[in-house]
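The text below goes through a structural model one region at a time. Please keep the sequence and the coordinates open while reading.

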Amino acid sequence: MSLMTSSSIKLADVSAIKGGDIVKQNPFGTVTDPYEIRDTAYVSGNTIINQSIYSVASKIFGYETVGAESLVDGHLQLWAGEYRKQNSFGVVPLVHKFDTRSGASNAILGYFSRNGTNGQPVSVVTGSQTLNYMRPILSNSSSAAATLPLAFNVSSIDYDSKKDLFHSNYSVPLATARALSYPVITPVSSSNGLELQHLTLLNHYLAASTGSPSVFLFDGPNSAKSYTKFSNLLSVEELGRLYVDLLATSKPVASQQAAIDAALKSLKQLTGVSYAPFEYFGAENPSTVFVVHGSHESTQLKNVVSKLSSVGLISIRIPLPFNQAKFVETIPASTKRLIVLSPADSTQLKADITASIFLSGVNGQISVESFNYGTDFQWSPIAITKIFESFVDSLNPELVLDYDSLSSSLSNGTVVTANTSPSGAYLIWGKDYGSFVSVADKLALSLSLDDSKTIFVRNKFDNSVNGGSFQSTIVSAPKNTLYASEIDSANVVLVEDPSILTSYDILATAKPGSTVVLVNNKPIKASIEEDFVVKLPLEFKRTLAKNQNILQVVDLSIIEELEKVSDSTKGFSADFLLQLAFWRAALPELNGYIVNKLLQANGNGFELLATVLDNFIKTVDELKGIKLVEVDPRWVDLEETKLEKKEGEEQEEEEEVEVIELPYFAKETAFTPNPRNNGEVSEDYVQSGYVDLATRITFPEAFNVKQELRPDLPVKNFVVKVQENKRLTPSEYSRNIFHIEFDITGTGLKYEIGEALGIHGRNSSSAVELFLKFYNVDGDSLVEVANKDDTSVLEIKSARQALADSVDFLGKPPKRFYEALAEFAEDEKEKASISRLASAEGAEDLKKIQEVECSTYVDILKEFPSARPTFAELIKIIAPLKRREYSIASSQKMHPNAVHLLIVVVDWVDPKGRLRYGHCSKYLSDLNIGDELVVSVKPSVMKLPPLSTQPIIMSGLGTGLAPFKAFLEEKIWQKEQGMALGEIYLFLGSRHKKEEYLYGELWEAWKDAGVLTHIGAAFSRDQPEKIYIQDRIRQAIEPLTDAMVIENGSFYLCGPTWPVPDITACLEDIVVNGALKQGVEVKDAAKVVEDMKEDGRYILEVY
């Protein structure tokens, strides 16, 4: 028993966003090691810039930024401060953090005055306003700043207080750099990771080679918060070598412009990649050319220009010094008009361009015009097209607004697999603290597993609406293609709550004919249409009908019913249901592979049988959890209902109702959800003493103390007793397979055919005592553990009980354990070794430790003695003991007070010569008659056909025979009730008949009794040639054809996964044979078998 008590401790007030919070927002995983970034990686542009700086810098000064103090240097702090990663030169860079304020550059100058330069640049990482704060000191003629090698890496991040949003502000840092005569380099592509790396290095090299400051100016919010696939990335070592090679080319130059030209030339010679101060893209002979500065802006414009044949685009890579001659050379000869796209508060870019045209002598041939955009401008295809239309009369917008440019349908001949992802654009709207935040990240993760696609994710928090709203943009585009990352034509739109429809015009950014998925959270009394759809805003319904959108409703009110059916999905059911709705809308061709998508989305550490999710999906369909709602074309003409006047009432003049235009896009007012005061919550783990426990037991009402059986387990549990434990294989045989029975008399435990019994195993008392001694912990000391389902509820356990019941200290530690343990290592060498195992660099070593050496948590703690968390901290980072399910081998109709299992003890010898065991199988094999244990029941897809006369074909390997013993017991019961039985076939496989003919005497007796029609036993090693279960099935293909095809039978396979392809091939042969018998043609036997799965006639329970 454990004690539960309600308790509370105040959370610290969250007043600032730390770097760790930002770096952990990557849906594809936190980059804890700069060495992980190489070749191809799903990261943000900021992360790549951080890696490039880290590779070559020895001293880094970071300055806080608006919105999040470590928005632009979070990874630098993480790698240097927490993980102590070395750079390409074998040193851990010194990373200093400062506030942004007047005199912000004093720290840098002070450092140089004390330590000198030795020719090595100091990297400065900051936001757009910091350079301006530094300007007074940097511009001081008596200051040494002008002759110091400062490599400024400036994010354009800024905040517009009038419009309440974050945006990119290039104007302020450009103006400051111009005043200080600093060169400025800006990437022209936000999706080219190699350009980000090269230009970051180029900036560092310029500072080193000239001995004076240089500025690398890059995008703000989008670079920090957009995550996508970057290819052809250089590793830390390759960046280091390239930088050294660049330094070797350094020569004295006469001017700043000459230094830039020489640096670009050297970079081209070393890499083969040419970077010009200005880059042209577009039509060969355009009359109108647009000019822009800014990575995100340029990338979005390039996508639109690629679809047109009459316009061009010049992207500015080096705005300062502005090379007038190079700019004029970049302009196509056919150009008549230059349209300068620049921020509303800046005219300098147009002035530079106008001067270039004038001084070149072509001012009479080319006119220079401008378009000024605001801080809230959205660079979506429609918005860009409208700009172009205002300057180009002959432009055909249909070429740009091609709604099928990212079609979600698959091309003909595409083979759908578990990793297949559609091409498309998706918008997800939700509450900032709602479940959609994590659902969006999980969808992006599973989409990214298709190597033929590039996935883009951009999450925004708008805290000005509804107390906090969230929008996620996800784009799935064919690899190496241009795409828009600001979406105004989504293929699928998911909306978490109808209240969002009154705050945003979500259909304005939905493609006509696309699918809109709404979520209902309230109980349905009559129907979805009557209780939910009728309450939707009229304008929303009108637009749905006008745009011919498809409307689906996800009914989250069924979650409780879903979790009653399968407690295994408890806590995940809503996520699974939302993801299921997405995949059915985005790629209906996935069919059964949706199960794989649900598993992929939760990462490698997530354990759940595919059959459980199969059953989950079927239950969703039975409960109509995803409802297709008919969009009535007549909704186009819907009008507000007006109240009729009662007789005698004065008729008042109707007031004109002001129509409020809702915003199309979420504006970014924050980088995290709106802070809430959640009141008081408990800490996860608190060690306490006897006095506290005695107080709680003495006054249980005051502390809400209850005694419960395993309150840490989220399922209904039962205490049962062992009534038989019998080994079935000979004692001298290498495999211990045993039959175990539990007495369930008076427990209330009920189970159905095919269900599984969950065993809540315990660690042995001897292992617990050894660990207590090793870790020097008093086994009777108490620890409070937060309940897994409700953190306000604490469970009080002794250290001994926690180790026995809750903590898997004899299991294999995952990667996240090493990440957590590294923080506690006091020895620097041990800390580095542990951190390496948690990094990409140490992946192979970690795999060896986990899969070859099979090291346990205890082994790792012994290997690194300086890493000693307190016991309370330790049990927090060790994974909990997991329930293990075994197929039930009995029918409760035949055994009303018992439940049977068939189990093999998993054992092996590790490289150290130790005999090792599977935790739960060993635990069960050691139980004696009369011992008690905690169990629970888990639903399964292994069900008998609805009619007793339908044939069943059972195939099982090893302990996979367990459910078939239950099936046959159920059939015997049916026969005793006078029911007619269909044919029953049993196919089984094992190594040797003498040792592993499990339940053989029962099968033979039931065949003799006329219950079992046929036994096809394959003992693979009892004869010279190998005979497998599929061979026995093919030998009986004729009667099996009749059973499956003619008599509508069901086929079951239980056991390991390896025979699935062969057994499936046998079924396909049966289908073809049946078609021949019936004189019909089957074009795709594999599809027929797949349909059998969908219909519940081909059931797999494999592991």
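Five strands, in the order β40-β39-β38-β41-β42, make up an open sheet with parallel pairing; two strands count as paired if DSSP finds at least two bridges between them, and helices (H or I, at least four residues) and strands (E, at least two) are DSSP runs, numbered from the N terminus. At the edges are β40 (1014-1019) and β42 (1098-1102), each of which pairs on one side only. From one strand to the next, the twist averages 10°; axes are lines fitted to C-alpha atoms, for helices over the stretch in contact, and angles run from 0 to 180 degrees between N-to-C directions.

The model is a predicted one, in which local features need pLDDT of at least 70 and side-chain atom pairs count only at pLDDT 80 or more, while totals for chains, interfaces and linings use all residues. Residues are numbered from 1 along each chain as its sequence is written, and side-chain values use heavy atoms, with hydrogens and water left out.

Within this sheet, β38 pairs with strand β39 (residues 984-990) in the parallel sense over six bridges. M954 has L986 as its bridge partner in β39. Helix α33 packs on the sheet, where it touches β38, β39 and β41 (1050-1055); contact means heavy atoms within 4.5 Å. The direction of α33 makes about 150° with that of β38.

The loop between β38 (952-957) and α33 (962-976) holds T959. Is T959 buried or exposed? T959 counts as buried because its relative accessibility is 17%; buried means under 20% relative accessible area, exposed over 50%, and partly exposed in between (1.4 Å probe, protein chains only). Leaving aside residues up to four places away in sequence, T959 touches I737, L902, I903, V904, L998 and Y1103.

β29 runs antiparallel to strand β28 (residues 718-727), with six bridges joining the two. Here R727 stands opposite F738 in β29. β29 also runs antiparallel to strand β34 (residues 898-904), and seven bridges join this pair.

Strand β14 (residues 288-292) and strand β15 (residues 311-316) are paired in the parallel sense over five bridges. T288 has V311 as its bridge partner in β15.

How many cavities of 30 Å³ or more does the structure hold? There are two. On a 1 Å grid over the protein atoms alone, a cavity is a set of points where a 1.4 Å probe fits but cannot get out, and lining residues have an atom within 4 Å of a point. Grid points are joined across faces, edges and corners, and a volume is the space filled by probe spheres set on the points.

The largest cavity contains about 110 Å³ of space. It is lined by 13 residues, of which K460, T473, S485, E486 and I487 are the closest to its centre. β19 (453-462) and β20 (469-478) each supply at least two residues of this lining, and β19 gives the most, with three. By class, the lining of the largest cavity has four nonpolar, six polar and three charged residues; Ala, Val, Leu, Ile, Met, Phe, Trp, Tyr, Cys and Pro count as nonpolar, Asp, Glu, Lys and Arg as charged, and the others, Gly among them, as polar.

The volume of the second largest cavity is about 80 Å³. Its lining has 14 residues, with I22, S44, N46, L71 and H75 nearest its centre. Two or more residues of this lining come from each of α1 (19-23), α2 (45-56) and α3 (74-82), and α2 has the largest share, three residues. The lining of the second largest cavity divides into six nonpolar, seven polar and one charged residues.

For the chain as a whole, there are 39 helices and 42 strands. Of its 1103 residues, 54% count as buried. Among the contacts with a separation of 6 or more, 77% are between residues 24 or more positions apart.

Conventions
On a 1 Å grid over the protein atoms alone, a cavity is a set of points where a 1.4 Å probe fits but cannot get out, and a pocket is an open set with protein on both sides within 12 Å along at least five of seven lines; lining residues have an atom within 4 Å of a point.
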